[in-house]
Amino acid sequence: MTDLTDLTVADIRDGFRAGDFSAREVAEAFNANVAAAKALNAFIVETPEKALDAADAADKAKAAGETLGQLAGVPIGMKDLFCTQGVQTTAASHMLEGFVPTYESTVSGKLWAAGAGMLGKLNLDQFAMGSSNETSYYGNVISPWRRGGGDNAALAPGGSSGGSSSAIAARLCPAATGTDTGGSIRQPAAFTGISGIKPTYGRCSRWGIVAFASSLDQAGPMARTVRDNAILLEVMSGFDPKDSTSLDLPVPQWEANLSSDLKGKKVGIPKEYRPEGLDPEISALWDRGIEWLRDAGAEVVDVSLPHTQYALPTYYIIAPAEASSNLARYDGVRYGQRDLPDGAGLQDMYAATRAAGFGPEVKRRIMIGTYVLSAGFYDAYYTQAQKVRALIARDFELAFEKCDLLLTPTAPSASFALGEKQADPLAMYLNDVFTVPASLAGLPAMAVPGGLDSAGLPIGLQIIGKALDEQTVLNASLALEERAGFTARPDKWW
Amino acid sequence: MSIDLQTVKKIASLSRISVTDAEAEAMVPELNNILGWVEQLGEVDVTGVEPMTAVIPNQQRLRDDVVTDGDVRDKVLANAPQAEHGFFAVPKVIE
């Protein structure tokens, strides 16, 4: 019999409906994998009973002949950045340790309403700030992947959605939620050989997601196949009056319209994404990707995004600025930790609470943000960054006059060893060099695995699309997926 | 422009994050590295460019001026480190 934990979301959904297995059998199989994978540290809280409750409800509904939700019988992982009613939500911080929301985020609520069950809350970089999952208060997440040749170094699952990527690659869940501010869905997907899509800014409600940088934050799915991402994204998307930036548009039928036939589509290859010194294996994969899309019927054109080199510094002004404002709410008064030294007044309590509650990277970003927004420096840093952001967005608009989508690498390297880049924040920030530009422009972008490098680690490709054109992004990703034939999986050591 | 120890302490104070002298000193080169790197944006010609605040064109919506929620005091207070008599409690503010 097939191992149920090897099935995709589509397989589980369809097999459950066909009566091949019960929802409870699926939930039990994934619960067992979660319980046996403590070494990966992918979960902050495990909720096997939630997965079983949803499964029993699905089995009962099916037996009674009721209409089944789109995700009936499918258990998933929930990034611990989504507020879940009655289940601790920490954003991987000490600050929110013990915080139990009295409400449900819009996106997680939609998933539960569609019949999905929750396997647990997934670890991440603290407040989603990081690219290696080394900033979590609850410890590093370990990638299930290892380099070949008996090298047992613990590798980064990427970040910030590193719990999600590690858990999916290790078959602890068939899919999970992620959030992406500058690459936090796509880079971890690339590091672990899975897929993930950041939709157009405004597709998924931000309500109930712990805020990092509000003009950039977007939720999205992560899973092993493009189809699974389409299935989840349809459920997660949709207008929400509780988010003032939510787009009031119907949700397209992305799954039903999946097609890897790219005839008539033009793929732009931005030359700025091939800087001198780009890893030759990444460069070679990109060339293969170009051939794959050509094989799918697309025409390939060269394009230029001249402000690409300024995207990262722009991001590292705008994101910290917004974070410094958003994270002002953690004051030790309304929720979260409080640190009250003897005899301290209100101001001392704020400062002590925030010193104890935030990790070093979070403090660093709050302070950078505070500085670039402070009197005398606001125009030189923040306003200038907003203007350069406009130029970066315009680069994409001009490129999309010549093509329908862009193909780039997802990350400049394969996964690295934990600890390898932690000493230098700037070296860590460079991980997001290929993902940040689409975030700044609010565009849909997807990571798909392309193959293994010479060390046996996954490397990935990225498709960037026009605003609201997730369909083309998914379709081109499907064309890559079919041609890459990526079936590699990590050997189980955990 | 580079920042010194005094500036780091001032930023920490504005951020309401208490730092020890040793922590502040360690942050001086760290923050200078990052700020020195982002300063390359100064070389971009932005003549006539409006600062971007919204990436996807969207209309601000108005809603009817009616009460849409409330009566959830206990839920609001449920996660407070200290709640008393239906209020958030803080250390004495006025000496």
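S160(A) sits in the loop of chain A that runs between β3 (117–122) and α5 (162–169); helices (H or I, at least four residues) and strands (E, at least two) are DSSP runs, numbered from the N terminus. The bond that joins G159(A) and S160(A) is a cis peptide, with omega about 10°.

A word on the model: this is a predicted one, where local features need pLDDT of at least 70, side-chain atom pairs count only at pLDDT 80 or more, and totals for chains, interfaces and linings use all residues. Residues are numbered from 1 along each chain as its sequence is written, while chains are lettered from A and ligands numbered from 1 in the order in which they are written.

Most residues other than glycine have a negative phi, and most peptide bonds are trans. Here are two non-glycine residues with a positive phi:

| Residue | Phi | Loop in chain A |
|---|---|---|
| A91(A) | about 55° | between β2 (75–79) and α4 (106–113) |

N41(A) counts as buried because it has 20 C-beta neighbours inside 10 Å. The cut-offs are 20 or more other C-beta atoms within 10 Å for buried, 12 or fewer for exposed, and partly exposed in between, with C-beta atoms placed from the backbone. A91(A) has 30 such neighbours inside 10 Å, so A91(A) is buried too.

On to the interface. The contact (C-beta atoms, placed from the backbone, within 7 Å) takes 56 residues from chain A and 38 from chain B. On the chain B side, α1 (5–14) and α2 (21–38) are the elements that give two or more residues, and α2(B) supplies the largest share, 6 residues.

How values were computed
Two residues are in contact if their C-beta atoms, placed from the backbone, lie within 7 Å.
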